[in-house]
Amino acid sequence: MSDTVIEATGLRKEFGTAVAVDDVSLTLERGQSLAVVGESGSGKTTLARMLVGLETPTGGTLRVCGRPRPPGRVSSRERRRRAREMQIVFQDPYSSLDKLQRIGGVIEASLDLHFSLTPGERRKRALELLEAVGLAERHATMLPRQLSGGQRQRVAIARAIAVEPQVLVLDEAVAALDVSIQAQILNLLADIRERSGISYVFISHDLAVVHQISEVALVMSGGRVVERGPTGALLSDPQEEYTKSLRAAVPRPGWKPSRRAVSGSAANGSAASGTAAS
Amino acid sequence: MTALDTVRPRGGFRLPRPGPALRRLGPLGTGAAVLLAAVLATTLLAPVVAPYDPNRPDLFNALAGASPAHLLGGDALGRDVLSRLMWGARTTLSGPLLIIFLSTTIGTTLAITAAWAGGKVDAVVSRLLDVLFAVPGIVFALVAVAVLGPGVPGVVLGLTIAYTPYVARVVRSAALRERQLPYIAAAWVQGRSAVGICVRHLLPNLRPLIVAQSVSALGFAVIDLAAISFLGLGVQPPTADWGLMVKSGLDSATRGQPLEALGAGLLIALVVAAVNILGDRIGREEGELR
């Protein structure tokens, strides 16, 4: 069995006449964490949605865990099988849970869909999963509105890892959380990866976060990949103008906002790499 | 004596606190609920509580006014008006309830299917609804009566067709909004089937809206069915029915016995008002949940 979990070639997505994603290729090895960086509208969310099958690519091919995923209708059975290959966590922790479903029920529902367990086993496993994401038994009977944003995101992560996927796509999964909670969730994700050997596709606009979570990164702009490479090198020594300007736009001590910084301010971006590399 | 002592109530007396459901309904809503409950109870218990057989003519009681034996007097054939009102609630309310049940079920199914499938299915359903909207409900009822003959089945069929687009339009737009939410996408990526998502997630989340919508439609259905019975195309004599009683009561009223028409008319008005108040309260509740 190959150790490449995602192999995408020339992915393209058009919405009407607009091209959201244009000729994006990427590979993801087992246990690897790949960051996709770019500003709003760069096509990174569309890319994430294509990977998990929420959007049908207009062109290109996608192979997951060695199996091709051609566009077209898919049987329920095949969809459940694909679900065990790749899961997703969305940005908005408020609307990514059904407001009527209790937390324990959320997890049990996905266990129920994928594994044949007795009700007792299912409940036990659900509590284990909640514990694994740092929630307690008492949370199981709560409704989403009784939880904070960070806690809800933990539930979304527990729901995703409940089906034991090979790959977890995190679409701006920490962007809506405040900084200290972000750090907690990033630590949690690092823990989970260490324990399970899961792979991540980490979609983000936040360079500091990307640096913490991923070893390889690709930078997207206008739907295209403009630069790719090891995250550290990419952030400390960007080759492309766009990556430089993206890095220069990160606030830091003594930083002055500028319109799409080019050359001058991007060149003295050592302060940014200093914070990012910490 | 501290300031706190002065604030504390002296006695142990406390008004009983209304339960959460009643508190949310408010006094008007509570009144409406009580009225409907009373009507419903009377309807169900009509065989027990009605003083007379509603269909037994008694010529000595014909067009009689109120008396201790006949509290609301008799109609043109001497049948007891009070008993007929009690029994009449059955036909007057069961028809509309059936209409609402059928149109809500069909309308919701159409709406969720259209919203989920999108594309051509949605376009076809939406155009179909547009066509149904263009025809007044009463026309459907009249056509159905022309085909099936006068009587309740035809009217129920016609009004069900007439009411379906109202349910479908409201539910469809809410379902379109709801299905955009990430939790639906998450369920999809989890591998849940479309039907599973609609039943487990969409339907429960749309339920308050569907309930509010069908309760307010119930008021209209009561009026429509009563009106059609009044025209002589709905419920057929000698069955007791409020709409029919307004009609026959009008005759009696010109001959000095206004209680039949008054009673039936007033009951229709009260029930419709109560249903509308409840629908409004439930709708408001739904708005607060969003």
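In chain B, in which helix is confidence lowest, and in which is it highest? The structure is a predicted model, in which local features need pLDDT of at least 70 and side-chain atom pairs count only at pLDDT 80 or more, while totals for chains, interfaces and linings use all residues. Residues are numbered from 1 along each chain as its sequence is written, and chains are lettered from A and ligands numbered from 1 in the order in which they are written. Confidence in chain B is lowest in helix H1 (residues 3-7), at a mean of 49, and highest in helix H7 (residues 182-189), at 95. Here pLDDT is the predictor's confidence in each residue, from 0 to 100; helices (H or I, at least four residues) and strands (E, at least two) are DSSP runs, numbered from the N terminus.

The mean pLDDT of chain B is 86, with 90% of its residues at 70 or more. Over residues 4-9 of chain B pLDDT stays under 50, and for this stretch the model has one contact beyond four places in sequence (contact: C-beta atoms, placed from the backbone, within 7 Å). Where pLDDT is low, the predicted coordinates should not be read in detail. For the complex, the predictor gives an ipTM of 0.86 and a pTM of 0.81.

The contact between the chains takes 21 residues from chain A and 14 residues from chain B. On the side of chain A that touches chain B, helix H2 (76-83), strand S6 (86-89) and helix H3 (103-114) of chain A each supply at least two residues. H2(A) gives the largest share, five residues. By class, this side of chain A has nine nonpolar, six polar and six charged residues (Ala, Val, Leu, Ile, Met, Phe, Trp, Tyr, Cys and Pro count as nonpolar, Asp, Glu, Lys and Arg as charged, and the others, Gly among them, as polar).

Within chain A, strand S3 (residues 33-37) pairs with strand S9 in the parallel sense over four bridges (pairing requires at least two DSSP bridges). A:Val36 stands opposite A:Leu218 in S9(A). Strand S9(A) is also joined by six bridges to strand S10 (residues 224-230) of chain A, and these two run antiparallel. In that pairing A:Met220 stands opposite A:Val225 in S10(A). S9(A) and S10(A) form a hairpin with two residues between them, and A:Gly222 in the turn has a positive phi of about 55°.

Notes. Contact = placed C-beta atoms within 7 Å.
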